[in-house]
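User: I would like to go through this structure and ask what stands behind the words used for it. Please give the value first and then the conclusion.

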Amino acid sequence: MEKLRIVFMGTPEFAVGILDTIIKNNYDVVGIVTAADKPAGRGQKIKYSAVKDYALENNLTLLQPTNLKDESFLAELKRLNANLQVVVAFRMLPEVIWKMPKLGTFNLHASLLPNYRGAAPINWAIINGELKTGVTTFYIDEKIDTGAMILSKEIEITQNENAGELHDRLMNLGSKAVVKTLNLIENGKASTTIQKDNPEIKTAYKLNKENCKIDWNKSGKEIHNLIRGLSPYPCAWCFFVDKDNEWNVKIYDANFIEEAHDLETGLLLSSKKELKVVVKDGFILLNELQFPGKKKMTTTELLNGLQFSALAQVK
């Protein structure tokens, strides 16, 4: 049994949940590597990563390289004398880093590998209508999310669950997977399984404005999955058009009502309390949305101050 000296690498809130669990299980975390500070928001104020906030609160040694191959950073990292590195939601590492510790470098990925390698595995699992997902720990190699797998844990995705809710459940599941992986490595019992490529593997592409836009010609189920798969961030969006007005609207929550009809796809139907979009196999009932320059609101709140004509549609 070899006592672990861990360097943890991560950036967002998801990584914080894992790091906190490692600390609470009394593992020796000798250093944290996270993203450099950067301006964010309208005021362009300097924003710390969630992992940096946690590191400062817990007096952990912190490194924030802008260049992972910088000689001074590599020297600082080496001086920490870690024998294991744990990576959760960070950047692709150069070989000089992931080969540095004696016991290697492993990553936690929020999918059942080899499916959903890439930047947004939680979102795409929901967008594609998967019924299950999970987390996988694996040793890092020269490619993205392709290394030898150590262990995986699986959970079901519920019918109306959104990405934010699944994120939190996977963070908890991932914490357990990482602690189990640490225990296996510490006791020399970590065995691995090589990932096998096949044409059916699904990819977790990076999210952008284009693939977050709603295509109202798709089935109601596909549209519903896109909306919940992008909620609460970055959020599905579309244009609302009514006479001479056009708004870029974010949709946070909706339900699909399957129903036969002969209405035109894309019509926006409104009453005093209800707003729904006609799709080819039913209706998308809009529950929570955001207009430009406005706060997020429920449909009822929106309709208290805005009414749509019979000509209103989405596109």
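Analyst: Tyr116 is a place to begin; Tyr116 sits in the loop between β7 and β8. The model is a predicted one.

User: Why is Tyr116 called buried?

Analyst: The relative accessible area of Tyr116 is 4%. Buried means under 20%, so Tyr116 counts as buried.

User: Which other residue has a positive phi although it is not a glycine?

Analyst: Asn81, with a phi of about 55°. Asn81 is in the loop between α3 (71-79) and β6 (84-88).

User: Is Asn81 buried or exposed, and what makes it so?

Analyst: Asn81 has 52% relative accessibility. Exposed means over 50%, so Asn81 counts as exposed.

User: Where are the cis peptide bonds, and how do you know that they are cis?

Analyst: One joins Leu113 and Pro114, where omega is about 10°. Another runs from Ser231 to Pro232, with omega near 10°. Pro114 is in the loop between β7 (105-109) and β8 (117-118), while Pro232 is in the loop between α7 and β12. Most peptide bonds are trans.

User: Why does Gln195 count as buried?

Analyst: Its relative accessibility is 9%. The limit for buried is under 20%, so Gln195 counts as buried. Gln195 belongs to the loop between α6 and β11 (203-204).

User: What does the side chain of Gln195 reach?

Analyst: The side chain of Gln195 reaches the backbone oxygen of Gly147 at 2.8 Å. A polar atom of that side chain also lies 3.4 Å from the backbone oxygen of Thr146. A polar contact needs N or O atoms within 3.5 Å, and the distances are 2.8 Å for Gly147 and 3.4 Å for Thr146. Leaving aside neighbours within four places in sequence, the residues in contact with Gln195 include Leu113, Pro114, Arg117 and Met149.

User: What makes Ser49 buried?

Analyst: Ser49 has 10% relative accessibility. With buried set at under 20%, Ser49 therefore counts as buried. Ser49 is in the loop between β4 (45-47) and α2 (50-57).

User: Which residues is Ser49 in contact with, leaving aside its neighbours within four places in sequence?

Analyst: Thr11 and Thr34. A polar atom of the Ser49 side chain also lies 3.0 Å from the backbone nitrogen of Lys52. Lys38 is eleven residues from Ser49 in sequence, and their C-alpha atoms are 8.8 Å apart.

User: Why is α1 called roughly parallel to α2?

Analyst: Helix α1 (residues 13-24) and α2 pack at an angle of about 30°, and their axes are 8 Å apart. Angles under 35 degrees count as roughly parallel, so α1 is roughly parallel to α2. By class, this contact has seven nonpolar, no polar and two charged residues.

User: Which residues meet between α1 and α2?

Analyst: Glu13, Ala15, Val16, Leu19, Asp20 and Ile23 in α1 meet Ala50, Val51 and Tyr54 in α2.

User: How do you know that α7 is mostly covered?

Analyst: Helix α7 (residues 220-229) has ten residues, and eight of them are buried. Among them are Ile223, His224, Leu226 and Arg228. The buried residues of α7 pack against α5 (121-127), α6, β12 (236-242), β13 (245-258), β15 (275-279) and β16 (282-290).

User: How many residues has the largest nonpolar core, and which have the most contacts inside it?

Analyst: The largest nonpolar core has 41 residues, and Phe8, Ile22, Val86, Leu170 and Leu182 have the most contacts inside it. Helix α6 (residues 163-186) gives the most to this core, with ten residues. Another core, of 34 residues, lies apart from it and includes Leu230 and Ile284.

User: What can be said of the whole chain?

Analyst: The protein chain has eight helices and 18 strands. Of its 315 residues, 49% are buried. The C-alpha atoms fill a box of roughly 70 × 45 × 30 Å along the principal axes.

Key: Residues numbered from 1 in each chain as written. Predicted model: local features only at pLDDT ≥ 70, side-chain atom pairs only at ≥ 80, totals over all residues. Heavy atoms only, no water. Core = buried A, V, L, I, M, F, W, Y, C linked by side-chain atoms within 4.5 Å. Buried < 20%, exposed > 50% of the residue type's maximum accessible area, 1.4 Å probe, protein only. Helix = DSSP H or I, 4+ residues; strand = E, 2+ residues; numbered from the N terminus. Contact = heavy atoms within 4.5 Å. Polar contact = N/O pair within 3.5 Å; in protein donor to acceptor, adjacent residues only side chain to side chain. Axes fitted to C-alpha atoms, helices over the stretch in contact; angles between N-to-C directions. Parallel < 35°, antiparallel > 145°, perpendicular 65-115°, else oblique. Nonpolar A, V, L, I, M, F, W, Y, C, P; charged D, E, K, R; others polar.
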